Amino acid sequence: MELIRERVSDIGAKLGYKVKKDKNGILGLMKEKTYLLVKILEVTSELWWVELKLVTSGEETEGHSHSLIHFPQCNAVTLFPDEVGDDDPFQSIDAGFGLLILLLSVFTSNAENGDSFALRINCGSTGDFGYSGGVPFAGSPVSISPFPISTGRIFPKSFGPLNCYKFSVPPGTYSIRVFFGVRGYDNPPYFVISIKGTIVHTLSQDWSDWDEETFVEVLQIINDEEECICFHKDSGSPTVMSIELSQLPKAHYFDGARGLRSPFLRVHTRLNFGASESSFEQDTLYGQRFWKRMSRLGDNVQSIHTDRSIRVTGHYPTSIYNSAVVATPEVPDIRFFIRRMVPHKDYIVIFHFCQINGSIGDSVFDIKLDSTEVFKKLDLLEIAGRPYTSVTVNCSHRVTGTSLMVYLKAEKGSVSFINAIELVEMIEPRYNTFSLEVSTLVKMKSLLQVSPQLGWNGDPCSPERYRWTGIQCSFDQKQRFWFITTVSLPHRLLKGSLPDDVSNLSKLRFLNLSFNEIGGGISALGSIKTLEQLDLSNNNFNGSIPSNFGRLPQLTLLNLSWNLLTGEIPRFLPRVTVSLNGNMGLCGNAGFRSCPNSSSVGVVLVAGFIFIVAVASIVFYFVLKSRKSKPGNTPQKKLKKNKRRRHVD
């Protein structure tokens, strides 16, 4: 417990909290007007139970308690409110969010020490975070899940076309699962899921009728410590129940994707032959993978089971090798079909074998996928070296239809068998928007108060079908990035001002922000040499028109009418159509007042100065002359007066 307290204290200090510990071991983390109490109740091999209390300062001091449970065996963290309320400050106060992130980093394993990292978000619950919109709700549990889920987050159409979850994780290889609904919808929502701009899953029209399709699992290599999962509306409002991340061993699964430069794989199915049930519980490794039961493949195939210990090679649970299906000597081959495949996609197919019955004897067989032979004379006993030892082999295969035939053809004197199989779809990655341009648009979103309904979340240009409202992009083949070419948001009730670094949109051609309430200057736009059309009419822009506007090489249309611009109008190239009406402070062009000439003003000032000096000189001369010519002030009279004064004295 003390080590955990020290870890909380260290991270709390780094996050700017003042940390205190009382004699009972309760930690107090204080920042501004928020006080966070952390009490570690229990630490065992099965769970860590922590009580959190958030105290806010005000007219009345009020406490809010939560329990955070960490399950070390499956690396999951869940935050439960002791009392559910709409005014729960964990949903609204930054300090509460900061503590949640802090504790998730504490109670999950430290990736810097080589351990695996895991994160679980109960969407719609008090501990929900990282979302861009939506409404929390309480509902029926997901039909299949390793943990009970009774809350969710729904993204109605009124919240815009695109909503995302965004959070930070250590770099590594991850299994990412999104649970998005319950079975039995009358009209199930139909939507698309993307990760970092790449579409990783499209829900089928009847997904709610299949247990294994109420969630999706994606395998991803994360390099930049940031994850962004987005939900794109097609039909209905996306519903998300839970998001789970579990770190995998380095290159796990991706070693079978030879020649594919993709950070994404999607798990199509995991089948466990001869198992008694479909479940998560039999696989406690890496977030509890789901294995679907497949017990019978025909009259010539029988299920077998063993309780003996298995020598497992690789990162798989023993449980999937405890059962198998085996053919008979009379019909030694096994043939089965896997349905609901995505046509014209490349898959990694992973076969799991383990001889768990001595009666199987020699097992040498070929493996075909559809009509393609992928393994020839596979001798499992020779590979394993002995019975009760697992063997895993994999290959890649392009599926042409909606089903895949798997055919195990035994050599003479052998019988075929199989314990488990995994199918993982290779996903072709999409390119992202240049990061500097993304950060510029994010700043514009903040400064201009862009409405959430416009869906400015995730990547602006990718996926291409779901770009941000008002945004158009072009792909640079040399740099391998998307760049912004159009920003068009007229009549969007925008306010605020343009960011100074709007010039970072280096390939911007069309900018239309007309009929809004945007103010501030426009000088930053004068350095975007790719601008062709600029319409900022009917706003509150002020200041002068930069002189370099007249030298923009591609500009053909400039509409700055009905703003508050002032100063001299620069000269424009002949091809530019210019509209400046309604700016009463402008001057120097047809239809506007003349601007004062700077050189003539100087001449007037000099002439005025000379005139004033001349007038002053003349006045001084006449004053002096008048004093000299005044009677009674001659030198002789002054001398007589002085003599009289001396005589009197």
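Which hand does the link of Cys587 and Cys595 have, left or right? With 105 degrees about the S-S bond, this link is right-handed. I will come back to that pair.

First, the ground rules. This is a predicted model, in which local features need pLDDT of at least 70 and side-chain atom pairs count only at pLDDT 80 or more, while totals for chains, interfaces and linings use all residues. Residues are numbered from 1 along each chain as its sequence is written, and side-chain values use heavy atoms, with hydrogens and water left out.

Now the disulfides, meaning pairs of cysteine sulfur atoms within 2.5 Å. The structure holds three. If you number the bonded cysteines in sequence order, they pair 1-2, 3-4, 5-6.

Take Cys164 and Cys230, joined with an S to S distance of 2.0 Å. This pair links distant parts of the chain, 66 residues apart: Cys164 sits in strand β10 (residues 162-168) and Cys230 in strand β15 (residues 226-235). Strands here are DSSP runs of E, at least two residues, and helices are runs of H or I, at least four, numbered from the N terminus. The torsion about the S-S bond is about 100 degrees, so this disulfide is right-handed. Cys164 has 4% relative accessibility and counts as buried; buried means under 20% relative accessible area, exposed over 50%, and partly exposed in between, with a 1.4 Å probe and protein chains only. Cys230 is also buried, at 4%.

What about Cys228? Its sulfur is 3.7 Å from the closest cysteine sulfur, in Cys230, and that is too far for a bond. Cys228 is buried at 11%.

Next, Cys461 and Cys473, with S to S at 2.0 Å. Here the angle about the S-S bond is -85 degrees, and the link is left-handed. Cys461 lies in the loop between α4 (435-447) and β30 (471-476), and Cys473 lies in β30, so the pair ties together parts 12 residues apart in sequence. Both cysteines are buried.

Back to Cys587 and Cys595, where S to S is 1.8 Å. Cys587 is buried at 5%, whereas Cys595 is partly exposed at 21%.

Last, a sheet. Three strands form an open sheet in the order β8-β9-β16, with antiparallel pairing. Strands β8 (135-138) and β16 (239-240) stand at the edges with a single partner each, so one side of each has no neighbour in the sheet. Two strands pair if DSSP finds at least two bridges between them. Strand β9 (residues 151-154) and β16 have two bridges, and Arg153 stands opposite Val240 in β16.
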